[in-house]
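Here is a short report on selected residues of one protein chain. Look at the structure first, then read on.

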Amino acid sequence: NVGNNNLLERLLLLIKASTDEERRSIAEGSEMLMDVVTQIRKFLYDEETKEMKNIQDKWKEEARDEGLKEGREQTKIDLAVKLIGKLSLDEIAQVTGLSKDLIAEKASLKI
């Protein structure tokens, strides 16, 4: 049981390891763990895996950019609604860059 705990601890350390050298050092002396190191290397350096990671990174970047865009748009809408009664609809549209129709629609939903 102690041997199994040690093996499990080393496996967890292996999973956390960030370099090949660190992985090999942890796996040293265990054929099973060395096999795990080989599989990790294949996964990390496989061209298909790299391409999938690049696609995921691109999606994350696009989602972040879209979220920022939506956040800026919502900020403009919030500002426009607060300006109702202080500025004309034309002035609000000019300041925020929003259409008068959108401002009117959002303001009526808030009021």
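Arg10 sits in helix 1. In this predicted model, Arg10 is buried but makes no salt bridge. How far away is the nearest side chain of opposite charge? That side chain is Glu28, at 7.6 Å. A salt bridge needs a side-chain nitrogen within 4 Å of a carboxyl oxygen. Leaving aside residues up to four places away in sequence, Arg10 touches Ile26, Ala27, Glu28, Ser30 and Leu33. Glu28 is thus among the residues that Arg10 touches, yet no salt bridge is formed by Arg10.

Helix 1 covers residues 2-16 and also holds Leu8. Leu8 counts as partly exposed because its relative accessible area is 47%, between the 20% and 50% limits.

Asp20 belongs to helix 2, residues 20-27. Is Asp20 buried or exposed? Asp20 is buried, because its relative accessibility is 14%, and buried means under 20%. Beyond residues up to four places away in sequence, Asp20 touches Arg41 and Tyr45. Asp20 and Ile92 are 72 residues apart in sequence, and their C-alpha atoms are 58 Å apart in space.

The relative accessible areas are set out here.

| Residue | Relative accessible area | Class |
|---|---|---|
| Leu8 | 47% | partly exposed |
| Asp20 | 14% | buried |

Conventions. Residues numbered from 1 in each chain as written. Predicted model: local features only at pLDDT ≥ 70, side-chain atom pairs only at ≥ 80, totals over all residues. Heavy atoms only, no water. Helix = DSSP H or I, 4+ residues; strand = E, 2+ residues; numbered from the N terminus. Buried < 20%, exposed > 50% of the residue type's maximum accessible area, 1.4 Å probe, protein only. Lys, Arg positive; Asp, Glu negative; His and termini not counted. Contact = heavy atoms within 4.5 Å.
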